[in-house]
Amino acid sequence: VDQLVLDYYGVENYYVLDYIESGGIHHIDTWAKFLDEETVLVKEVWSSHGTYNTLNQRATLLASLPSSTGRNYRVYRVYCYSTSSGPASYTNSLILNDKIYVPFFGNSGYDNDAIAAYAEAAPGYELEGYYYSGFLSDDALHCRAKAAYDVGMLRVEHAPYRDGEPVVAPVVITAKVDDRSEAGVSLVEFHYRFNEGIWLVEPMTYVGGDNYETVLPAPVGPRDVVTQVDYYIHAEDYSGRAEGMPRPEPAAWYTFNMEYQTGVDTPLAGPVRLHANYPNPFNP
């Protein structure tokens with residue numbers, strides 16, 4: 001299995017985790033839901049339940065493993081109360097475009113708490129609860145529905161700067177934009193703001209392959225030692241598709257702190273580069 005995953009997907013580190021119970025269907029998202037490349041929501045149960053210690057151990061283990069971005073997974077927890085079939089399987093949700101459908105189990109208090117847990121772990125998504133009386137502890141919404149992928153999708157990849165990780169200016173923003181429709185990329189933009197001010201936008205420059213980049217401009221005026229930066233990336237292609245990172249942008253964005261050397265003004269413009277026009281011939 002490891003070799004197949006490497007051959008067909010290029011995955012070099014393939015982690016296999018033992019299941020949390022002796023029975024059941026053993027699907028990982030009955031107890032852990034991967035929300036993006038480095039965020040996972042893990043089931044939490046009451047202390048007397050047989051999986052309590054195992055789930056805590058799995059959450060700790062996941063938080064120690066590097067994701068595809070090179071950073072460790074960020075682990076959030078969602079409390080899964082006792083139902084007639086066992087713990088509610090709130091992690092067994094379905095992500096479809098900018099919406100997350102969360103299975104509901106009929107207790108409005110706990111159901112709403114589950115929505116709040118998703119809102120914290122996956123900001124910007126539209127969250128909708130879906131109740132069905134036949135949902136089980138190990139068989140809920142994601143086990144019964146599957147998204148169909150768009151073969152002509154516009155895929156945007158970006159390893160974000162994150163909050164809690166101070167970054168020293170100048171900051172280079174890079175992204176990979178792959179138009180699977182082959183219609184051509186028409187727009188790649190970097191949207192940003194300083195200290196929760198007005199949103200600004202800079203075009204991202206094509207640098208070869210499917211790669212784009214830009215340099216975060218320095219804020220105008222006196223330099224603080226630390227400046228909060230919010231940002232997201234938006235892309236469009238000539239097929240009419242639009243995508244970005246984070247995926248529900250502009251309803252969500254990344255945040256980090258940008259540091260300057262104390263007493264030193266940062267230039268108003270970043271490094272200047274001259275690239276060939278793209279596409280060639282250039283479309284006005």
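Predicted model: local features only at pLDDT ≥ 70, side-chain atom pairs only at ≥ 80, totals over all residues.
**View 1. Helix H3, end to end, covers residues 108-121.** With 14 residues at 1.5 Å a residue, H3 should span 20 Å, and its end C-alpha atoms do sit 20 Å apart, so expectation and model agree. Down at the start of the helix, Asn-107 puts a side-chain oxygen within 3.1 Å of the backbone nitrogen of Gly-109.

**View 2. The buried side of H3 is made up of Asp-111, Ala-114, Ile-115, Ala-117, Tyr-118 and Ala-121.** Look down the H3 axis and these buried residues fall within an arc of 155 degrees, so they line one face of the helix. Turned away from the buried side are the exposed residues Ser-108 and Glu-120. As for what covers the buried residues of H3, the list includes strands E1 (32-36), E2 (39-44), E3 (74-79), E7 (99-104) and E8 (126-131).

**View 3. Three strands form an open sheet in the order E6-E7-E8.** Pairing here is mixed. E6 (94-96) and E8 stand at the edges with a single partner strand each, so one side of each has no neighbour in the sheet. On average, neighbouring strands are turned by 25 degrees against each other, ignoring direction.

**View 4. E6 and E7 run antiparallel, joined by 3 bridges.** Across this pair, Ile-95 stands opposite Ile-100 in E7. H3 packs on the sheet, where it touches E7 and E8, and the direction of H3 makes about 150 degrees with that of E7.

How values were computed: Residues numbered from 1 in each chain as written. Heavy atoms only, no water. Helix = DSSP H or I, 4+ residues; strand = E, 2+ residues; numbered from the N terminus. Expected span 1.5 Å × (residues − 1). Buried < 20%, exposed > 50% of the residue type's maximum accessible area, 1.4 Å probe, protein only. Arc of directions from axis to C-beta. Contact = heavy atoms within 4.5 Å. Polar contact = N/O pair within 3.5 Å; in protein donor to acceptor, adjacent residues only side chain to side chain. Pairing = 2+ DSSP bridges. Axes fitted to C-alpha atoms, helices over the stretch in contact; angles between N-to-C directions.
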